Structures are given as structure tokens and as C-alpha cells.
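Thanks for coming, everyone. Please have a look at the model on the screen, and then I'll go through it.

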Amino acid sequence: MEYVLQGWQCGSVYKPIYLEAQAAVALATYLRAGQTAPAALVNGTTTDPTNSATVEPAVLLTPYWVTSANMESTVIKDKAISATDLCGAVGASVCTAAGIS
């Protein structure tokens, strides 16, 4: 995120961890109970890298593209990184310019 704010990187990919955790728990609950997960939950599959014959249901979340313009409303809001730590690393003026307080 520092590089994004400093203009050295155009953006970064982010998926909210809490959404991934919720999806994993929901899917695991169905699988552990020996039930098929509902279609509303499962939107893809994943293949075992050591055995391509093993295909399992998956919940594939769409990642967010984080830029300096939406950093406050994504990674800062979700507390993936603290504004204090980030702004301490890049400087208050860089954070102010990006709307991060």
C-alpha cells in the first residue's frame, strides 16, 4: 500500500479476509455434514494440485483493485492495515492527499 500511495505502483489486489473466512466456514459446514452446498454459495470449483481428478466446490470471491483513490474505503476501513502505520511510513502529507486520515 505504501508503494501505491507513493506512486511507485499503480494498485494492488485485495480481498477482504472476513468475507473469505465467512465463505470458507459456510462451505466447510456443508461439506463436513456430507451435504451439497447450495448453488447460491458455490460459484466455482478448485482442482487438487497433486491429483487433477479431485475437483471440489469453491467460493470464488472477486478481488478489489486498490488505488490511492479507494484505499481509505477498502484496506483502511477493513483494518487490513492501520492508517497510523501506513501514514507513518509514507508521511502525513501523502495520506492527506489520498484522503486518508
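E20 is partly exposed, at 35% relative accessible area. By that I mean between 20% and 50%; buried is under 20% and exposed is over 50%, with a 1.4 Å probe and protein chains only. E20 forms a salt bridge with K15, and the closest N and O atoms are 3.4 Å apart. A salt bridge here is a side-chain nitrogen of Lys or Arg within 4 Å of a carboxyl oxygen of Asp or Glu. K15 is also partly exposed, with 33%.

A word on the source. This is a predicted model, where local features need pLDDT of at least 70, side-chain atom pairs count only at pLDDT 80 or more, and totals for chains, interfaces and linings use all residues. Numbering runs from 1 along each chain as its sequence is written, and side-chain values use heavy atoms, leaving out hydrogens and water.

How confident is the predictor? The mean pLDDT, the predictor's confidence in each residue from 0 to 100, is 94 for the protein, and 100% of the residues score at least 70. Strands are DSSP runs of E, at least two residues; helices are runs of H or I, at least four; both are numbered from the N terminus.

Back to salt bridges. How many are there in the whole structure? The search finds 2. K77 and D78 also pair, at 3.2 Å from N to O. K77 is exposed, at 53%, while D78 is partly exposed, at 21%.

Next, K79. K79 sits in the loop between α3 and α4. Its phi is near 65°, a positive value in a residue other than glycine. Most residues other than glycine have a negative phi. K79 is exposed, with 72% relative accessible area.

Now the inside. The largest nonpolar core has 14 residues, among them L5, M71 and I76. Such a core is a set of buried Ala, Val, Leu, Ile, Met, Phe, Trp, Tyr and Cys residues joined through side-chain atoms within 4.5 Å. Helices α1 (2-6), α3 (72-76) and α4 (83-90) each supply at least two of its residues. The largest share, 4 residues, comes from α4.

Last, S12 and Y64. S12 is in strand β1 (residues 12-14) and is buried, at 18%. S12 touches Y64, among others; contact means heavy atoms within 4.5 Å. Y64 lies in strand β4 (residues 64-66) and is partly exposed, at 41%.

Notes
Lists of a residue's contacts leave out its neighbours within four places in sequence.
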